[in-house]
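Subject: Structure handover

Hello,

Here is the structure I promised to pass on. Please open it alongside this note, which covers the ligand and then the helix packing.

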Amino acid sequence: MQSLQGRVVVVTGAGSGIGRALALGFAARGSKIVVADVQDDARRETVALLEAGGSEALGVEVDVSSADSVEALAAATIERFGEVHVVCNNAGVGGGGLIKDQQLVDWKWVVDVNLWGVIHGVHFFLPHLRAAEEAHIMATSSVAGLTSTPGLGPYNAAKFGVVGLMETLFHEMERDTESNVGVSVLCPGVVRTNIITAQRNRPAHLKRERKGGSVGDDARRRNANVAAALAERGMDPADVATCVIDASLERRFWVLSHPEHLAEIEHRNQSLHALTNPTLTGSFTDGD
Ligand SMILES: NC(=O)c1ccc[n+]([C@@H]2O[C@H](COP(=O)([O-])OP(=O)(O)OC[C@H]3O[C@@H](n4cnc5c(N)ncnc54)[C@H](O)[C@@H]3O)[C@@H](O)[C@H]2O)c1
C-alpha cells in the first residue's frame, strides 16, 4: 500500500488483543475501520474507542467460522463504504492439550475459527480487493504455524494451514496482472491479549464432554503456564500491529514480530533438509 489515509480496513477479532490494536493502529494512520467480532460488548468497546479518537468505524457482528456470516460482513462493508482496501483475517482462538486427549469438538472449534475463518475471509473479500486500485490482505498465524510444539495439535494444524494458504495466495497475487493485492502472514510469539480466556466464545454445541479429572488438571496446569507467560513476557499488541502495518506499506509477506523464534524455526527446517527426525529446542518438557 502506498498510503493508508482514507482507506477501508476490515479487522476480524477486532474486539480484543491484536485485532483491537490493528484497528487502532490503522485508524491512527487515517483509515476507516470495520470492527468485526463475535463478542458483542468487546466489539462495541473497540468502536467506541475508535470514535472517541475521531475515526470512522462500523461494528459488524461476525462468526468467522460461518461462511454466511463472513459473506454478510463483506456485503455490509461494501454497502457502507463502497470499497475495501485492507483485510486482516485475525480472529482466532487458542486451545491446548495432548492429541491423545482431544475430542473431535476441540478440533472442530479450533480449525473452524482459525483456518476456515481465514478461508472465508479470503474467499469473500478477494474479489473486492482485486477490484481496488491497491489492496492488502493478511492473516494471523503464529510461530505455531512454523514449529510443532507438543500440546497444541489442533492449533498447530490450523496455523500451519494458514501459512500454506497465505503463501500460495502470495505467489498467485504476484502473478495476477489484473490486480494489485499485497499479501502478508503474521506469525507472532507470545502477545499480551485475552487469548487465554478464548473459551468464552466457544459455541455451546462444540463444548467438551466432561471425562474424568486428569485431563482437566492437565489443561488447567497448561493454562496457568500460558497465562504466566502472557503476563510476564507477552509483547504489547500495539507493537505487533505496527509490524503488520509496516508490512502492508512495504508489501512484505513474512511478519515475524518475535525474531527470537527464528532459531527454533531454522532448527525444524534443518531436520527437514537433512531428512532427520524432528527434535525440539528450548525448554519444552513433557506435559508443558
Ligand atoms: N496472544 C498470543 O500470544 C498469540 C500468539 C500467536 C498468535 N495469536 C493469534 O492472534 C489472533 C488474535 O488473538 P489474540 O491473542 O488477540 O486473542 P484475543 O482473545 O484477545 O482476541 C481474539 C478476538 O477474536 C474474537 N473471536 C473469537 N472467535 C471468533 C469468531 N468465531 N468469529 C469472530 N471473532 C471471534 C474474540 O471475540 C476476540 O475479540 C488469533 O488468531 C491468535 O491465534 C495470538
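A polar side-chain atom of T193 lies 2.6 Å from an oxygen atom of the ligand. That is a polar contact (a pair of N or O atoms within 3.5 Å; within protein, one must be able to donate a hydrogen and the other to accept it, and residues adjacent in sequence count only if both atoms are side-chain atoms). The backbone takes part too. A backbone N or O atom of N194 sits 3.0 Å from an oxygen atom of the ligand. A polar backbone atom of V64 is 3.0 Å from a nitrogen atom of the ligand. There are 31 residues around the ligand, counted when a heavy atom lies within 4 Å of it. S16, D37, Y155, V191 and T193 come nearest.

A word on the source. This is a predicted model, where local features need pLDDT of at least 70 and side-chain atom pairs pLDDT 80 or more, while totals for chains, interfaces and linings use all residues. Residues are numbered from 1 along each chain as its sequence is written, and side-chain values use heavy atoms, leaving out hydrogens and water.

Now the helices. Helices are DSSP runs (H or I, at least four residues), numbered from the N terminus. Axes are lines fitted to C-alpha atoms over the stretch in contact, and angles run from 0 to 180 degrees between N-to-C directions.

Start with α1 (residues 17-28) and α7 (residues 237-250). They pack at about 55°, with axes 8 Å apart. That makes α1 oblique to α7 (under 35 degrees is roughly parallel, over 145 roughly antiparallel, 65 to 115 roughly perpendicular, the rest oblique). Residues of α1 in the contact (heavy atoms within 4.5 Å) include G17, A21 and F26. Among their partners in α7 are P237, V244 and S248. By class, this contact has ten nonpolar, three polar and no charged residues. Ala, Val, Leu, Ile, Met, Phe, Trp, Tyr, Cys and Pro count as nonpolar, Asp, Glu, Lys and Arg as charged, and the others, Gly among them, as polar.

α1 also packs on α2 (residues 40-52), at about 20° with axes 10 Å apart. The two are therefore roughly parallel. R20, A23, L24 and A27 in α1 meet A42, E45, T46, L49 and L50 in α2. Six of these residues are nonpolar, one is polar and two are charged.

Last, α3 (residues 67-81) packs on α4 (residues 104-131) at about 30°, axes 9 Å apart. That makes α3 roughly parallel to α4.

Best wishes
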